[in-house]
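The following note sets out numbered points for a reader who is new to this entry. Please keep the sequence and the model open while reading.

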Amino acid sequence: MTVRRLAAFLVVFALGGATAGRAMAEPAHRAGGRQSFENGIVGLTVSAQGWDQDRPWAKGAPQARMALATVVEGPYLLTSAQMVSDATLIEAEKLGGSVRVPARVVLVDPEVDLAILGVDAPKFFDDLKPVPMASSVPTEGAVQSVRWRLRQIEASTSRVSRVEVQVTSLGGLEHPFLLVTTDLRGGGWAEPVFAEGKFIGLTVSQDDQVARVLPVDIINNFLDMARGGKPYPGFANLGLRWQINEDPVLTASLRLSGDPRGVLITGANWGGSACGVMRPRDLLLSLDGHEIDASGYYRHPRYGLLRFTTITTDGHRAGETIKAEVWRDGKNVKLDLPLKAAHTPGDLIPDRVPEQPPPYLVAGGLVLRELDGNYLRSWGDDWRRKAPIRLQLRYWLDSKDQEPGARRIVVLSSVLPHAYNIGYHGLSDVAVLEINGRPIDSIAAAEEAFKHPEGDFHRIVLEPNGQMAQVILDAKTFDAATAEIQESYRVPAPVRTAAPPPEFGAACGG
Amino acid sequence: MRAPLDSPARLLTSFGRALLLALVAGVAIAPAAAAPQATPGAPRPPASKPPTAKQPAAKSAAPKPAAKPPAAAPEPMLDEGFEKSVVRIINYSQRGDWFSPWDVTGVRASSGTGFVIDGGLLLTNAHVVSDARLLLLYLHGDPTPHKARAVMLGHDCDLALVRPDEPGLLRNIPVLELGRLPPLRTMVETYGYPAGGDQISSTRGVVSRIETQVYAHSGVDRHVAIQTDAAINPGNSGGPMIQDGKVVGVAFQGTDALENTGFGIPVEVIQHFLTDAEDGKYDGYPDLAILESNLENPAARRRAGMRDDESGVRVDFVNDGGSAEGLLKVGDVLLAVDGSPIANDGSVLMEGLRFDYGLMVDRHQIGSDLRLRLLRDGERKEITVPLVAHPGTSRYASQYDVMPRYFIYAGLVFEPLNVEMLETTGRDWVVSADKRLVQEQIFRPLSDPKALLREPVVLLRRLDDPVNINIAWYRNQLVTKANGKDIDSLGELIDAIESNKAAFHVLELGEPGRFIVLDRKGADEASPKILERYGVEKDRNP
């Protein structure tokens with residue numbers, strides 16, 4: 001299999017060999033003992049600045065975050081990807097210390113929400129020790145939660161509530177999270193959690209007293225991949241659409257005898273592992289040797305029943321091939337399933353695009369941009385009610401449907417009013433289908449299309465919206481008007497393009 | 001349990017709150033939701049989008065009412081004769097239940113106003129007398145209830161004619177005559193029985209604005225409305241707005257967005273309703289069923305081939321089944337309607353005010369001809385458009401005086417897609433309903449000319465039974481195919497199921513790849529038992 005090219009934001013540095021020569025022995029400590037981790041935790045102060053989604057040429061207001069990082073073998077600092085997203089400056093400081101030193105991102109995988117940082121300041125790590133890593137998380141009992149408060153570590157005994165499969169913050173992966181009930185409020189800033197003196201996970205969010213902990217199993221897999229000495233392969237997802245198969249009638253209609261089992265495949269996403277391998281109306285009976293029940297669960301040796309979609313993250317990584325068994329056209333078919341990396345930027349409407357400034361084009365005062373989750377979220381926490389319904393429908397119905405020839409949705413987000421574009425000032429948030437007869441699926445395509453007017457005019461065809469089907473602009477005065485509008489509205493550059501999404505080869509097919 | 005309503009005085013004490021809420025719901029202007037805006041059948045969807053956090057609703061949507069009437073305004077004329085002509089109407093109503101479509105809702109009591117017109121009839125709002133099981137009239141100063149019935153309902157213009165059961169009941173009551181559109185800044189007097197009171201009330205206000213409004217009763221139709229700063233409250237609905245001794249409007253709705261503001265239905269809309277009703281049947285409004293763009297941009301006009309002295313709008317989309325099918329083409333520029341030039345923003349000059357050109361279409365009755373001047377492929381021509389209603393636009397309007405259509409098979413409840421069905425998921429169905437259904441309702445008809453001629457069918461819910469309990473999808477699912485046949489109406493679904501002789505029924509749903517299967521024999525056997533167990537009298541109202 002060809003190693004997939006990852007997007008530019010996935011900064012890859014192999015960590016292989018970095019641990020050589022370091023003492024690995026750590027004393028075992030019981031839960032509640034602080035000495036096992038207090039020299040394995042540092043505080044982070046992160047200055048971050050995202051982009052103004054309405055004026056995509058401008059940056060938004062700077063923010064400051066206080067987070068935690070855990071010392072891991074290398075030595076490196078481990079934190080969540082969210083903590084360092086859009087960072088303009090990252091500083092680390094030691095427990096009880098008064099000096100902050102700059103830290104740099106070595107590797108960030110937003111898909112699994114983990115990041116590794118390095119610190120170049122001499123002697124920074126001298127009095128720090130990598131935390132001892134557990135191999136898996138406990139499914140019950142007491143654990144030790146910590147948080148960073150006034151440059152001190154605050155610790156508290158918490159209780160494992162349950163192991164639950166959830167999607168990652170980017171939405172591209174599913175894996176078990178450990179849900180922990182804790183007395184420490186306001187968590188979710190990459191606080192480490194320990195059990196019996198060993199690191200068992202990072203808190204990536206907290207709702208009231210229930211902390212969502214990214215488990216050490218996933219973190220170990222991430223660190224192993226990072227140390228692999230090769231380009232970081234990433235976690236794989238199936239990219240499947242499926243439904244439960246609890247209905248004996250449906251099972252019988254597919255000529256499978258016996259009780260219902262397996263899940264019914266309804267589709268595969270371009271770029272996902274199942275693309276081109278599994279088909280609609282396949283019944284997926286087993287994956288990686290695990291039998292899948294009619295509700296979509298398999299029996300995990302430690303965690304019990306888990307959703308089958310977590311199999312690809314359980315010790316696996318992109319680039320491996322696992323076995324699958326499907327019931328297809330009345331027969332049992334064995335398949336090899338090459339695992340491909342989860343890659344949210346490969347979606348037609350990426351949910352979030354960390355680090356990447358939004359591509360845009362200001363053309364005759366029309367502000368075009370590529371549609372993503374960041375833009376929809378700019379309507380606020382209540383965006384599901386407030387964002388324009390036509391954009392939301394595209395997001396809810398089509399976001400995974402990137403395909404060859406339809407890589408992104410470009411929207412006319414607003415119009416910068418000028419006499420040149422009179423008649424169009426009320427247009428906003430409608431998808432652009434064509435410009436001058438050329439299909440538009442990226443800002444780069446839009447920029448190119450404006451170089452080829454139809455005679456004396458530019459013709460922009462909009463997605464049907466009940467308001468206006470097409471925008472006609474004067475091509476002769478287009479450049480002058482664009483320049484004037486750019487100056488008037490203080491737009492530093494009329495265009496920002498992005499690297500095209502990765503290529504995934506042929507469409508999945510039926 | 002509801003207490004019987006045996007005297008007007010008890011209405012307020014026993015039912016005042018319910019009554020008020022009911023009518024508040026009836027008179028609030030529908031929010032500018034995407035659905036009505038996107039209706040291709042509507043004359044012209046408004047250009048504005050729903051208020052968002054980024055773009056708050058324009059506070060200046062309506063000017064503040066004038067503080068004082070101008071000196072030249074007519075003096076108020078509180079004449080005893082008007083009061084006699086104004087009648088209080090009590091409606092005990094019951095609606096179909098779109099979530100349990102074989103059933104009806106509980107009985108609601110509501111109160112409104114009507115007034116006497118020619119022919120022994122009362123004119124009132126449709127929403128005052130909709131879904132009536134019993135209508136009672138109280139004449140001015142008369143405590144005796146008189147039974148009546150709605151003889152004509154125009155739900156799209158929120159007007160109705162009511163006839164008392166007792167012949168000659170209105171014989172000695174002065175008939176109110178219709179006037180004309182009141183000028184801006186003049187005074188009007190509104191009569192009615194607001195808040196369920198049994199004494200007539202009158203309020204005076206200035207005509208502060210005349211413009212098109214969404215009529216909240218249907219939730220989708222737009223007609224001209226008179227805005228006044230007179231307080232029009234629940235119970236005022238259906239009352240006359242009077243100026244110079246004549247009716248110039250029928251009070252019909254307020255808005256939560258503006259205080260002390262009431263709206264009236266102008267005489268032009270009333271006359272259209274009365275003329276339509278003359279043959280004993282109400283047909284409603286004709287519909288070009290097109291979408292068009294303004295041509296305010298000079299480049300757009302040049303590209304359309306227009307001369308400098310021409311103005312108009314560009315046809316973007318023509319729905320099959322509307323008046324324009326086969327007569328207008330995408331790219332045509334509409335220059336004038338019935339001889340009135342259309343401006344580049346789509347407006348025409350009427351009564352000294354600018355209104356959307358669609359109102360010129362609305363002035364016609366179904367079956368009459370509309371004259372259009374258009375520019376097509378560089379050629380200017382006059383065409384005549386025989387006006388028809390579009391059969392498919394009713395899916396956008398609230399339904400009254402009808403029972404839901406449905407089909408139940410194997411405990412699966414199917415209904416046509418329409419706004420009533422969608423509102424079973426909540427009033428905010430645009431965000432709360434299944435996204436495929438929202439897409440089908442709002443956006444598909446904007447790109448598929450035949451979409452409104454089809455009737456999408458929805459698997460609404462399931463009446464649980466062993467025969468259906470294991471199917472994966474059973475709530476708010478669009479049904480696209482049944483047993484291999486495309487489903488474009490409830491009738492087609494029934495045929496596809498009842499004509500199937502195979503061992504299984506296979507229903508394909510809106511989400512690509514999604515389907516459910518029923519064992520035909522088991523489903524046939526279970527169906528009557530399920531109906532009996534759930535108290536469903538009939539398996540269908542097709």
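1. Helices (H or I, at least four residues) and strands (E, at least two) are here DSSP runs, numbered from the N terminus. This is a predicted model, in which local features need pLDDT of at least 70 and side-chain atom pairs count only at pLDDT 80 or more, while totals for chains, interfaces and linings use all residues. Residues are numbered from 1 along each chain as its sequence is written, and chains are lettered from A and ligands numbered from 1 in the order in which they are written.

2. Overall form of chain A. Chain A holds eight helices and 30 strands. Its C-alpha atoms fill a box of roughly 80 × 70 × 40 Å along the principal axes.

3. Burial and contacts in chain A. Of the 510 residues of chain A, 51% count as buried. A residue is buried if 20 or more other C-beta atoms lie within 10 Å of its own, exposed if 12 or fewer, and partly exposed in between, with C-beta atoms placed from the backbone. Among contacts in chain A between residues at least 6 apart in sequence, 65% join residues at least 24 apart; two residues are in contact if their C-beta atoms, placed in that way, lie within 7 Å.

4. A covered helix. Helix 2 of chain A (residues 216-226) is mostly covered, with eight of its 11 residues buried. Among them are A:Ile218, A:Phe222 and A:Met225. The buried residues of this helix pack against several strands of chain A, including strand 5 (100-109), strand 9 (174-181) and strand 12 (210-215).

5. Backbone details. Most residues other than glycine have a negative phi, and most peptide bonds are trans. Where does A:Lys123 lie? The residue is in the loop between strand 6 (114-119) and strand 7 (142-149) of chain A. A:Lys123 has a positive phi of about 70° although it is not a glycine, and counts as exposed because it has 7 C-beta neighbours inside 10 Å. B:Ala289, likewise not a glycine, has a positive phi of about 55°. That residue belongs to the loop between helix 5 (267-277) and strand 13 of chain B, and counts as buried because it has 29 C-beta neighbours inside 10 Å. The peptide bond from A:Gly74 to A:Pro75 is cis, with omega near 0°; A:Pro75 sits in the loop between strand 2 (63-72) and strand 3 (76-79) of chain A.

6. A barrel in chain B. Six strands of chain B close into a barrel in the order 1-2-3-6-5-4, with antiparallel pairing; two strands pair if DSSP finds at least two bridges between them. Strand 1 (residues 86-93) and strand 4 (residues 132-138) of chain B pair in the antiparallel sense over six bridges. B:Arg88 stands opposite B:Tyr138 in strand 4 of chain B.

7. The contact between the chains. Chain B gives 41 residues to the contact and chain A gives 39 residues. On the side of chain B that touches chain A, helix 10 of chain B gives the most, with seven residues.
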